[in-house]
Amino acid sequence: LTELLKLSLILTELLKLSLILTELLKLSLILTELLKLSLMLTELLKLSLIDTELLRLSLMLTELLKLSLILTELDKLSLMLTELLKLSLMLTELLRLSLIDTELDKLSLIDTELLRLSLIDTELLKLSLILTELDKLSLILTELLKLSLIDTELLRLSLIDTELLKLSLMLTELDKLSLILTELLKLSLIDTELLKLSLMLTELLRLSLIDTELDKLSL
(Lines give C-alpha, C1' and ligand atoms only; values in the text may rest on other atoms or scores of the structure.)
Protein backbone atom coordinates (compact mmCIF):
# COMPACT_ATOMS: atom_id res chain seq x y z
CA LEU A 1 0.00 0.00 0.00
CA THR A 2 2.88 2.38 0.76
CA GLU A 3 4.31 1.75 -2.66
CA LEU A 4 0.91 2.38 -4.22
CA LEU A 5 0.61 5.65 -2.29
CA LYS A 6 4.01 6.74 -3.55
CA LEU A 7 3.04 5.84 -7.06
CA SER A 8 -0.19 7.80 -6.64
CA LEU A 9 1.75 10.88 -5.48
CA ILE A 10 4.14 10.51 -8.40
CA LEU A 11 1.22 10.22 -10.79
CA THR A 12 -0.34 13.36 -9.29
CA GLU A 13 2.90 15.27 -9.88
CA LEU A 14 3.06 13.91 -13.41
CA LEU A 15 -0.48 15.09 -14.00
CA LYS A 16 0.47 18.59 -12.84
CA LEU A 17 3.44 18.52 -15.20
CA SER A 18 1.14 17.45 -18.01
CA LEU A 19 -1.10 20.46 -17.34
CA ILE A 20 1.95 22.75 -17.33
CA LEU A 21 3.07 21.26 -20.63
CA THR A 22 -0.39 21.88 -22.07
CA GLU A 23 -0.07 25.57 -21.17
CA LEU A 24 3.38 25.64 -22.77
CA LEU A 25 1.87 24.15 -25.91
CA LYS A 26 -0.63 27.05 -25.98
CA LEU A 27 2.30 29.46 -25.66
CA SER A 28 3.97 27.73 -28.61
CA LEU A 29 0.87 28.40 -30.72
CA ILE A 30 0.99 32.08 -29.67
CA LEU A 31 4.64 32.21 -30.74
CA THR A 32 3.68 30.82 -34.13
CA GLU A 33 1.17 33.70 -34.54
CA LEU A 34 3.88 36.21 -33.56
CA LEU A 35 6.16 34.75 -36.24
CA LYS A 36 3.39 35.34 -38.79
CA LEU A 37 3.13 38.96 -37.58
CA SER A 38 6.90 39.34 -38.06
CA LEU A 39 6.54 38.26 -41.71
CA MET A 40 3.74 40.81 -42.15
CA LEU A 41 6.00 43.53 -40.69
CA THR A 42 8.70 42.57 -43.22
CA GLU A 43 6.20 43.09 -46.08
CA LEU A 44 5.17 46.45 -44.62
CA LEU A 45 8.83 47.51 -44.54
CA LYS A 46 9.14 46.66 -48.23
CA LEU A 47 6.06 48.77 -49.00
CA SER A 48 7.56 51.65 -46.98
CA LEU A 49 10.70 51.56 -49.15
CA ILE A 50 8.53 51.69 -52.29
CA ASP A 51 6.65 54.71 -50.85
CA THR A 52 9.98 56.43 -50.21
CA GLU A 53 11.00 56.00 -53.85
CA LEU A 54 7.62 57.34 -55.01
CA LEU A 55 8.03 60.39 -52.75
CA ARG A 56 11.49 61.03 -54.18
CA LEU A 57 10.07 60.87 -57.72
CA SER A 58 7.28 63.27 -56.69
CA LEU A 59 9.85 65.76 -55.38
CA MET A 60 11.81 65.48 -58.64
CA LEU A 61 8.63 66.18 -60.62
CA THR A 62 7.94 69.20 -58.41
CA GLU A 63 11.42 70.53 -59.11
CA LEU A 64 10.92 70.03 -62.85
CA LEU A 65 7.63 71.92 -62.66
CA LYS A 66 9.32 74.83 -60.89
CA LEU A 67 12.05 74.90 -63.53
CA SER A 68 9.40 74.88 -66.24
CA LEU A 69 7.69 77.91 -64.66
CA ILE A 70 11.01 79.74 -64.41
CA LEU A 71 11.76 79.00 -68.07
CA THR A 72 8.31 80.33 -69.00
CA GLU A 73 9.05 83.59 -67.19
CA LEU A 74 12.43 83.83 -68.92
CA ASP A 75 10.73 83.31 -72.28
CA LYS A 76 8.38 86.19 -71.49
CA LEU A 77 11.34 88.41 -70.64
CA SER A 78 13.06 87.35 -73.85
CA LEU A 79 9.97 88.36 -75.85
CA MET A 80 9.90 91.74 -74.10
CA LEU A 81 13.58 92.30 -74.94
CA THR A 82 12.87 91.34 -78.55
CA GLU A 83 10.10 93.95 -78.73
CA LEU A 84 12.42 96.56 -77.26
CA LEU A 85 15.04 95.69 -79.85
CA LYS A 86 12.44 96.15 -82.60
CA LEU A 87 11.56 99.54 -81.16
CA SER A 88 15.23 100.48 -81.08
CA LEU A 89 15.59 99.52 -84.74
CA MET A 90 12.51 101.55 -85.61
CA LEU A 91 13.94 104.54 -83.76
CA THR A 92 17.21 104.10 -85.61
CA GLU A 93 15.33 104.09 -88.88
CA LEU A 94 13.37 107.18 -87.83
CA LEU A 95 16.61 108.87 -86.90
CA ARG A 96 18.07 108.09 -90.29
CA LEU A 97 14.97 109.49 -92.00
CA SER A 98 15.12 112.49 -89.75
CA LEU A 99 18.69 113.12 -90.79
CA ILE A 100 17.70 112.91 -94.43
CA ASP A 101 14.87 115.34 -93.81
CA THR A 102 17.26 117.57 -91.97
CA GLU A 103 19.63 117.63 -94.91
CA LEU A 104 16.76 118.50 -97.24
CA ASP A 105 15.32 121.21 -95.00
CA LYS A 106 18.36 122.36 -93.07
CA LEU A 107 18.43 125.77 -94.70
CA SER A 108 14.91 126.61 -93.61
CA LEU A 109 14.24 124.41 -90.57
CA ILE A 110 17.52 124.22 -88.66
CA ASP A 111 16.06 125.34 -85.35
CA THR A 112 12.99 123.13 -85.65
CA GLU A 113 15.08 120.15 -86.68
CA LEU A 114 17.48 120.66 -83.80
CA LEU A 115 14.58 120.80 -81.38
CA ARG A 116 13.07 117.63 -82.80
CA LEU A 117 16.42 115.88 -82.65
CA SER A 118 16.80 116.99 -79.08
CA LEU A 119 13.43 115.42 -78.25
CA ILE A 120 14.42 112.26 -80.06
CA ASP A 121 17.72 112.19 -78.17
CA THR A 122 15.80 112.59 -74.93
CA GLU A 123 13.56 109.65 -75.81
CA LEU A 124 16.57 107.61 -76.82
CA LEU A 125 18.23 108.45 -73.55
CA LYS A 126 15.09 107.35 -71.71
CA LEU A 127 15.07 104.10 -73.67
CA SER A 128 18.75 103.61 -72.91
CA LEU A 129 18.02 104.09 -69.20
CA ILE A 130 15.14 101.61 -69.46
CA LEU A 131 17.43 99.08 -71.13
CA THR A 132 20.01 99.62 -68.40
CA GLU A 133 17.37 98.99 -65.76
CA LEU A 134 16.23 95.88 -67.59
CA ASP A 135 19.82 94.62 -67.61
CA LYS A 136 20.00 95.21 -63.87
CA LEU A 137 16.70 93.39 -63.41
CA SER A 138 17.98 90.53 -65.52
CA LEU A 139 21.05 90.22 -63.27
CA ILE A 140 18.86 90.35 -60.17
CA LEU A 141 16.59 87.67 -61.62
CA THR A 142 19.63 85.49 -62.32
CA GLU A 143 20.78 85.81 -58.71
CA LEU A 144 17.27 85.11 -57.45
CA LEU A 145 17.12 82.03 -59.66
CA LYS A 146 20.40 80.79 -58.16
CA LEU A 147 19.11 81.38 -54.63
CA SER A 148 15.84 79.62 -55.48
CA LEU A 149 17.73 76.59 -56.76
CA ILE A 150 19.85 76.54 -53.58
CA ASP A 151 16.71 76.78 -51.39
CA THR A 152 15.07 74.00 -53.38
CA GLU A 153 18.11 71.77 -52.95
CA LEU A 154 18.21 72.48 -49.21
CA LEU A 155 14.51 71.65 -48.93
CA ARG A 156 15.02 68.40 -50.79
CA LEU A 157 17.94 67.46 -48.51
CA SER A 158 15.83 68.30 -45.46
CA LEU A 159 13.04 66.02 -46.69
CA ILE A 160 15.55 63.23 -47.36
CA ASP A 161 16.98 63.62 -43.82
CA THR A 162 13.48 63.43 -42.37
CA GLU A 163 12.67 60.25 -44.30
CA LEU A 164 16.01 58.70 -43.27
CA LEU A 165 15.27 59.47 -39.62
CA LYS A 166 11.84 57.83 -39.92
CA LEU A 167 13.39 54.75 -41.55
CA SER A 168 16.05 54.58 -38.80
CA LEU A 169 13.34 54.62 -36.11
CA MET A 170 11.37 51.92 -37.94
CA LEU A 171 14.50 49.75 -38.28
CA THR A 172 15.23 50.17 -34.55
CA GLU A 173 11.72 48.97 -33.72
CA LEU A 174 12.10 46.05 -36.12
CA ASP A 175 15.41 45.09 -34.47
CA LYS A 176 13.67 45.06 -31.09
CA LEU A 177 10.90 42.86 -32.50
CA SER A 178 13.50 40.56 -34.04
CA LEU A 179 15.22 40.10 -30.65
CA ILE A 180 11.87 39.40 -28.98
CA LEU A 181 11.00 36.85 -31.68
CA THR A 182 14.40 35.19 -31.23
CA GLU A 183 13.73 34.75 -27.52
CA LEU A 184 10.25 33.44 -28.27
CA LEU A 185 11.73 30.95 -30.75
CA LYS A 186 14.07 29.69 -28.03
CA LEU A 187 11.07 29.27 -25.71
CA SER A 188 9.26 27.41 -28.48
CA LEU A 189 12.15 24.93 -28.75
CA ILE A 190 12.05 24.46 -24.97
CA ASP A 191 8.30 23.88 -25.24
CA THR A 192 8.91 21.21 -27.85
CA GLU A 193 11.28 19.36 -25.50
CA LEU A 194 8.79 19.70 -22.65
CA LEU A 195 6.07 18.32 -24.89
CA LYS A 196 8.20 15.24 -25.55
CA LEU A 197 8.67 14.81 -21.80
CA SER A 198 4.93 15.18 -21.30
CA LEU A 199 4.29 12.36 -23.77
CA MET A 200 6.79 10.19 -21.94
CA LEU A 201 5.17 11.02 -18.60
CA THR A 202 1.75 10.24 -20.02
CA GLU A 203 3.03 6.86 -21.11
CA LEU A 204 4.47 6.24 -17.64
CA LEU A 205 1.17 7.24 -16.10
CA ARG A 206 -0.66 4.79 -18.35
CA LEU A 207 1.76 1.99 -17.33
CA SER A 208 1.31 2.91 -13.68
CA LEU A 209 -2.46 2.65 -14.00
CA ILE A 210 -2.04 -0.76 -15.63
CA ASP A 211 0.18 -1.84 -12.68
CA THR A 212 -2.44 -0.58 -10.25
CA GLU A 213 -5.12 -2.58 -11.99
CA LEU A 214 -2.89 -5.66 -11.94
CA ASP A 215 -2.25 -5.18 -8.23
CA LYS A 216 -5.99 -4.98 -7.61
CA LEU A 217 -6.53 -8.16 -9.55
CA SER A 218 -3.80 -9.90 -7.63
CA LEU A 219 -5.41 -8.85 -4.38
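Which residues form a nonpolar patch on the surface? I began there, on what is a predicted model. The patch consists of L71, L74, L77, M80, L137, I140, L141, L144, L147, I150, L154 and L157. Together they have about 1100 Å² of accessible area.

**Entry 1: the patch by helix.** I sorted the patch by helix. α1 and α2 each supply at least two residues. α2 gives the most, with eight residues. I then checked one member, L137, which is found in helix α2. L137 has a relative accessible area of 47%, so I logged L137 as partly exposed. Patch residues need over 30% relative accessible area, and L137 has 47%.

**Entry 2: largest pocket.** I looked up the volume: about 350 Å³ of space lies in the largest pocket. I noted 15 lining residues, with L74, L77, S138, L141 and T142 closest to the centre. α1 (2–105) and α2 (110–218) each supply at least two lining residues. The largest share, eight residues, comes from α2. By type, I recorded ten nonpolar, four polar and one charged residue in this lining.

**Entry 3: second largest pocket.** This one has a volume of about 160 Å³. I listed its lining as T52, E53, L55, R56, L59, L159, I160, E163, L164 and L167. Again α1 and α2 each supply at least two residues. The lining divides into six nonpolar, one polar and three charged residues.

**Entry 4: salt bridges.** I got a count of 16 salt bridges. I opened three of them.

- K36 and E33 meet through their side chains at 3.7 Å, N to O. They sit three residues apart in helix α1, so about one helical turn separates them. K36 is partly exposed at 46% relative accessible area. E33 is partly exposed too, at 45%.
- E93 and R96 meet at 2.2 Å, N to O. This pair is also in helix α1, three residues apart, which means a separation of about one helical turn. E93 is partly exposed at 36%, and R96 is partly exposed at 41%.
- E203 pairs with R206, the closest N and O atoms being 2.3 Å apart. E203 is partly exposed at 36%. R206 is partly exposed at 43%.

**Entry 5: a check on the cut-off.** Which distance did I compare with the salt-bridge limit of 4 Å? I took K36 and E33, whose N to O distance is 3.7 Å.

Terms used:
Residues numbered from 1 in each chain as written. Predicted model: local features only at pLDDT ≥ 70, side-chain atom pairs only at ≥ 80, totals over all residues. Heavy atoms only, no water. 1 Å grid on protein atoms, 1.4 Å probe; cavity = no way out; pocket = protein on both sides within 12 Å on 5 of 7 lines; lining within 4 Å. Points joined across faces, edges and corners; volume = space filled by probe spheres on them. Helix = DSSP H or I, 4+ residues; strand = E, 2+ residues; numbered from the N terminus. Nonpolar A, V, L, I, M, F, W, Y, C, P; charged D, E, K, R; others polar. Patch = residues over 30% accessible without salt bridge, like charges linked within 9 Å, V, L, I, M, F, W, Y side chains within 5 Å. Areas by Shrake-Rupley, 256 points an atom, 1.4 Å probe, with all protein chains shown as cover. Buried < 20%, exposed > 50% of the residue type's maximum accessible area, 1.4 Å probe, protein only.
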